[in-house]
Amino acid sequence: MAVSISVGLLLAIVAVILLRSGGMKVSHAVVCGLLGFYLASTSVAPTIHNGMTATADIVSGIHP
């Protein structure tokens with residue numbers, strides 16, 4: 001749960017930065033958000049979740 005909140009917060013921050021810098025328009029952000037909701041309701045959602053979990057495990061295992 002903590003990983004999904006962190007990734008969500010990171011993506012929200014990136015979206016705000018892109019919106020403010022003019023790199024992304026509001027319509028693009030809406031389309032990306034709708035795509036996310038659509039993907040969450042498909043059979044691809046568990047695969048995406050497992051991939052994000054594996055990536056988070058790899059990143060958390062790296063010690064500088």
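Leu34 is part of helix H2; helices (H or I, at least four residues) and strands (E, at least two) are DSSP runs, numbered from the N terminus. This is a predicted model, in which local features need pLDDT of at least 70, side-chain atom pairs count only at pLDDT 80 or more, and totals for chains, interfaces and linings use all residues. Residues are numbered from 1 along each chain as its sequence is written, and side-chain values use heavy atoms, with hydrogens and water left out.

The protein chain has 3 helices and 0 strands, in the order α-α-α from the N terminus. Its average pLDDT (the predictor's confidence in each residue, from 0 to 100) is 80, and 88% of the residues score at least 70.

| Element | Residues | Mean pLDDT |
|---|---|---|
| Helix H1 | residues 2-21 | 73 (lowest) |
| Helix H3 | residues 45-61 | 89 (highest) |

Of the 64 residues in the protein chain, 3% are buried. Buried means under 20% relative accessible area, exposed over 50%, and partly exposed in between (1.4 Å probe, protein chains only). Leu34 counts as exposed because its relative accessibility is 56%.

The accessible surface of the protein chain is about 5,300 Å², with 76% belonging to carbon and sulfur atoms; areas come from the Shrake-Rupley method with a 1.4 Å probe, and for residues only the protein chains shown count as cover.

Leu34 also belongs to a nonpolar surface patch with Leu19, Val26 and Val30, together about 360 Å² of accessible area. Helix H2 (residues 26-40) gives the most to this patch, 3 residues. Patches are made of residues with over 30% relative accessible area and no salt bridge, joining like charges within 9 Å and nonpolar side chains (Val, Leu, Ile, Met, Phe, Trp, Tyr) within 5 Å; a salt bridge is a side-chain nitrogen of Lys or Arg within 4 Å of a carboxyl oxygen of Asp or Glu.
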